[in-house]
Amino acid sequence: MLFQLVGLIQFRFARRRNAPWWIGYLVGTLDIVLLTVLLVTPNPFSLEVAPAAMQLREGSFKFLLIFVCLGALTLSTRLALYLGALAALTWTIGVGWVILHAGTVLPATNLYSLPTTERLNLYLNPNFVDTFAQATNVLVVLIIGAIMALVVSRSRHLSEDYVKAERARANLARHFSPNVVDQLAADDEPFGPVRRQDIAVLFADIVGFTHYSEDHPAEAVFELLRQFHRRMEQVVFDHHGTVDNYIGDCIMATFGVPQASHNDATRAIQCAEAMIAALEDWNVQRVSRGYPSLDVRIGAQYGAVVIGAVGSERNLSFAVVGDTVNVASRLQALCRELQANICFGSRLIEAAKAESPTTQLNARDHGPVSIRGRDEPVLSGSNTEPKTRVLLRFRHDIAAM
């Protein structure tokens, strides 16, 4: 009945969000003290009267160990240590209380140095207390309490490490395709040292987004961005690409990060085409709901970049820098001037053909064009049909990269 009352008190406090920290210690103390009293003192409901020393021979000590082990369920290292120490203290006091009873027999010397007959006579004496065995019990309680505290401590660290790993995996999943996330999570140093590497870079931008943001509430602008980014990043992930950055309404994706593959350029081209297709499907939904359709311009290039982690240990990010990134961004801006949906750099086309000689592109060679920030003209290609809404492949041969 008393144990039920203590459990009810603990249950009432456990249901509160801001339960006091000391409630666990209070309940644990009541449980340990109450159990020790029940194990050491004679049963008041029993008709037989037995010497107090007999209570220590009933093997009830194991129930005290169970209560100490239950302290590990609190996941508190301090509480587990406290319960172990408290159990050892209360059992010591209980044994001392029994020893103080009149008629209690204690071994006058080392019990195990006595002859077997004398030892048996002592064990058969109902008033005999084996002090060595009881000291061993106290030591066992202390050891088990320490082990429980160690188990709780390790469990907490493992739990914290798991939470950190899942948080890191979730952060990686915002930028990388699932298969790349698995690789990053498994490797100790997935990006390795700063290095130069050939990759494909793609920029996709909403046409007229500045005017849209001026004419619509901020909530509507952010909702449009979320939907656009969610759809475009899924296309990138479907083609095993990496979302490198979000720049307003522009999304930057790379192919070949963190590790280059045999078809990075081909996947970048396919991703650009799939982005246009995904936008077309989204526009059908938007128009059916009374929203205006959207247009997107995409620029992509292939070439050498510098890859590495930048920032501090507290705020570390992955960066892709180089002329290839600048050219891809300029090609994306060039789409509006050339009335094209997609502008591919010549190096991207050359790399795609090197990956698969049978690669076919339904694109038009536009010839040399000038890109802002570069002194020499470059070759590009575009489809000159204005504001086309069908999937097109545009080849922009850039000769002098």
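Visitor: Is K353 buried or exposed, or something in between?

Guide: K353 is partly exposed, at 39% relative accessible area. Buried means under 20% relative accessible area, exposed over 50%, and partly exposed in between, with a 1.4 Å probe and protein chains only. K353 sits in helix α12 (residues 346-355); helices (H or I, at least four residues) and strands (E, at least two) are DSSP runs, numbered from the N terminus.

Visitor: What should I know about the model before we go on?

Guide: This is a predicted model, where local features need pLDDT of at least 70, side-chain atom pairs count only at pLDDT 80 or more, and totals for chains, interfaces and linings use all residues. Residues are numbered from 1 along each chain as its sequence is written, and side-chain values use heavy atoms, leaving out hydrogens and water.

Visitor: How many salt bridges does a search of the whole structure find?

Guide: A salt bridge is a side-chain nitrogen of Lys or Arg within 4 Å of a carboxyl oxygen of Asp or Glu. The search of the whole structure finds three. In one, E223 joins R226, with the closest N and O atoms 3.8 Å apart. These two residues are three apart in helix α9 (residues 218-238), so about one helical turn separates them. E223 is partly exposed, at 36% relative accessibility.

Visitor: Which residue does R267 meet in a salt bridge?

Guide: R267 meets D264, at 2.3 Å from N to O. Both lie in helix α10 (residues 264-288), three residues apart, about one turn of the helix. R267 is buried at 8% relative accessibility, and D264 is buried at 1%. Another salt bridge links D295 and R297, whose closest N and O atoms are 2.6 Å apart; both of these residues are buried.

Visitor: What is the nearest side chain of opposite charge to R286?

Guide: For charge, Lys and Arg count as positive and Asp and Glu as negative, while His and the chain ends are not counted. R286, in helix α10, is buried yet has no salt bridge, and the nearest side chain of opposite charge is E223, 8.6 Å away. A polar atom of the R286 side chain does lie 2.9 Å from the backbone oxygen of P292. Leaving aside neighbours within four places in sequence, R286 is in contact (heavy atoms within 4.5 Å) with L224, Y291, P292 and L294.

Visitor: Which residues of helix α3 are buried?

Guide: In helix α3 (residues 61-70), they are F61, L64, L65 and V68. They cover an arc of only 100° around the axis, so they are on the same side of α3. The arc is that of the directions from the helix axis to the C-beta atoms.

Visitor: How many bridges pair strand β2 with strand β3?

Guide: Two strands pair if DSSP finds at least two bridges between them. Strand β2 (residues 242-247) and strand β3 (residues 250-255) pair over five bridges, in the antiparallel sense. Across the pairing, N245 stands opposite M252 in β3. The two strands form a hairpin with two residues between them, and G248 in the turn has a positive phi of about 65°.

Notes
Polar contact = N/O pair within 3.5 Å; in protein donor to acceptor, adjacent residues only side chain to side chain.
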